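Please open your viewer and get ready to select residues by number. We will take a short tour, one stop at a time.

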Amino acid sequence: MEAVGDTLEELWISYNLIEKLKGIHVMKKLKILYMSNNLVKDWAEFVRLADLPLLEDLVFVGNPLEEKYSADQQSNWVEEATKRVPRLKKLDGVPVIKQEEGEEGEN
């Protein structure tokens, strides 16, 4: 990955049985990452995506981590994911809309 780390802006790696994201940090220009239907199952791997300074569009649906949080009615996948990778503008094909602090309950 280091050979393309300074230039690659999009990476489509869905359906590849990927469990670990070690080494992803070298992709400094990456803006779009489509990695649905892989095997990422814990937050420790997911937070490696926060090391990508330009990442704004992520498709992560179909990974065990996303499935666990989307199935649990008590948790919010989008909220949890964007808390860990705050620069995301789009997650799983849906624009990320963040409430500014102090806006809650105001209308």
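This is a predicted model: local features need pLDDT of at least 70, side-chain atom pairs count only at pLDDT 80 or more; totals for chains, interfaces and linings use all residues.

Here is what to select at each stop and what you will find there.

Stop 1: Start by showing the strands: 5 of them form an open sheet in the order β1-β2-β3-β4-β5, with mixed pairing. Which strands stand at the edges? They are β1 (10-12) and β5 (94-95); each has a single partner strand, so one side of each is left without a neighbour in the sheet.

Now select residues 57-59 and 90-91. These are β3 and β4, which pair in the parallel sense over 2 bridges. Click on aspartate 57 and look across to β4, where its bridge partner is lysine 90.

**Stop 2: two loop residues.** Select leucine 17, in the loop between β1 and β2 (32-34). Its phi is positive, about 60°, although leucine 17 is not a glycine. Is this residue buried or exposed? Leucine 17 counts as exposed, because its relative accessibility is 66% and the cut-off for exposed is over 50%.

Next, go to the loop between β4 and β5 and pick aspartate 92. Aspartate 92 also has a positive phi without being a glycine, here near 55°. With 24% relative accessibility, aspartate 92 counts as partly exposed.

**Stop 3: a buried glutamate.** Select helix α1 (residues 43-46) and find glutamate 45 within it. Glutamate 45 counts as buried, because its relative accessibility is 7% and buried means under 20%. Show the side chain of arginine 48 too: a polar contact of 3.1 Å joins it to the side chain of glutamate 45. Leaving aside residues up to four places away in sequence, glutamate 45 touches Glu19, Lys20, Leu21, Lys22 and Val40.

**Stop 4: helix α3.** Begin at the start of α3, where a side-chain oxygen of asparagine 76 reaches to within 3.1 Å of the backbone nitrogen of valine 78. Then colour Trp77, Glu80, Ala81 and Thr82, which are buried in α3. Their cover includes α1, α2 (64-71) and β4.

**Stop 5: the largest pocket.** The volume of the pocket is about 260 Å³. Of its 10 lining residues, select the ones closest to the centre: Val78, Glu79, Thr82, Ile97 and Lys98. What kinds of residues make up the lining? It divides into 4 nonpolar, 3 polar and 3 charged residues.

Methods
Residues are numbered from 1 along each chain as its sequence is written. Side-chain values use heavy atoms; hydrogens and water are left out. On a 1 Å grid over the protein atoms alone, a cavity is a set of points where a 1.4 Å probe fits but cannot get out, and a pocket is an open set with protein on both sides within 12 Å along at least five of seven lines; lining residues have an atom within 4 Å of a point. Grid points are joined across faces, edges and corners, and a volume is the space filled by probe spheres set on the points. Ala, Val, Leu, Ile, Met, Phe, Trp, Tyr, Cys and Pro count as nonpolar, Asp, Glu, Lys and Arg as charged, and the others, Gly among them, as polar. Helices (H or I, at least four residues) and strands (E, at least two) are DSSP runs, numbered from the N terminus. Buried means under 20% relative accessible area, exposed over 50%, partly exposed in between (1.4 Å probe, protein chains only). A polar contact is a pair of N or O atoms within 3.5 Å; within protein, one must be able to donate a hydrogen and the other to accept it, and residues adjacent in sequence count only if both atoms are side-chain atoms. Contact means heavy atoms within 4.5 Å. Two strands pair if DSSP finds at least two bridges between them.
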